[in-house]
Amino acid sequence: NDVLSEEIGTYVKKRDLQQFYSDQEAHESGATLLGRIEGESCNGDGRGNSSISYNRSKSESIDLLKADAMRRGGNAFTINSCREISVSYCDLSVLCSGQAYDY
């Protein structure tokens, strides 16, 4: 169906994104900076019942960051930082930030 087709297309596009290991590397490659991007995961209901790991939550945040890069028309990105943040309605929330590029 259309929803599944869209999900698969988005998954493939995320995998095709170029990751630069630094903004300096992106600049030196000739990539055009499109702007700051973020991805924030929120797991659990804030009551401490969730058993999700930090690494899994970080992975979800990075996927959301990649989706943000794609929304901006980018095909490359950097991850500048990922950190746990306090959100009252989440057991574990991780925020990743970076830059989107057109390469």
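1. A nonpolar core is here a set of buried Ala, Val, Leu, Ile, Met, Phe, Trp, Tyr and Cys residues joined through side-chain atoms within 4.5 Å; buried means under 20% relative accessible area, exposed over 50%, and partly exposed in between (1.4 Å probe, protein chains only). The largest such core has nine residues: L17, I37, I62, L65, A69, F77, V94, C96 and A100. Helix α3 (54–71) and strand β4 each supply at least two residues of this core. Apart from it lies another core, of five residues, including F20, A31, A76 and Y101.

2. The model is predicted: local features need pLDDT of at least 70 and side-chain atom pairs count only at pLDDT 80 or more, whereas totals for chains, interfaces and linings use all residues. Residues are numbered from 1 along each chain as its sequence is written, and side-chain values use heavy atoms, with hydrogens and water left out.

3. The protein chain has three helices and four strands, in the sequence pattern α-β-α-β-α-β-β. Helices (H or I, at least four residues) and strands (E, at least two) are DSSP runs, numbered from the N terminus. Of the 103 residues in the protein chain, 35% are buried.

4. Because 10 of its 11 residues are buried, β4 is largely enclosed by the rest of the structure. Strands pair if DSSP finds at least two bridges between them. Strand β2 (residues 32–43) runs antiparallel to β4, joined by 11 bridges, with R36 partnered by Q99. Strand β3 (residues 76–85) also pairs with β4 in the antiparallel sense, over nine bridges, and a hairpin of six residues joins β3 to β4.

5. Within β4, C96 stands opposite C82. Not counting residues up to four places away in sequence, C96 is in contact (heavy atoms within 4.5 Å) with I37, E38, G39, K58, S61, I62, L65, S81 and C82.

6. The structure holds four salt bridges, each a side-chain nitrogen of Lys or Arg within 4 Å of a carboxyl oxygen of Asp or Glu. In one of them, E38 and R36 have their closest N and O atoms 3.4 Å apart. E38 is partly exposed at 38% relative accessibility, and R36 is partly exposed at 48%.

7. D68 forms salt bridges with R71, at 3.8 Å between the closest N and O atoms, and with R72, at 3.7 Å. These salt bridges share partners and join D68, R71 and R72 into one network. D68 and R71 lie three residues apart in helix α3, so about one helical turn separates them. D68 is buried at 13% relative accessibility, R71 is exposed at 62%, and R72 is partly exposed at 41%.
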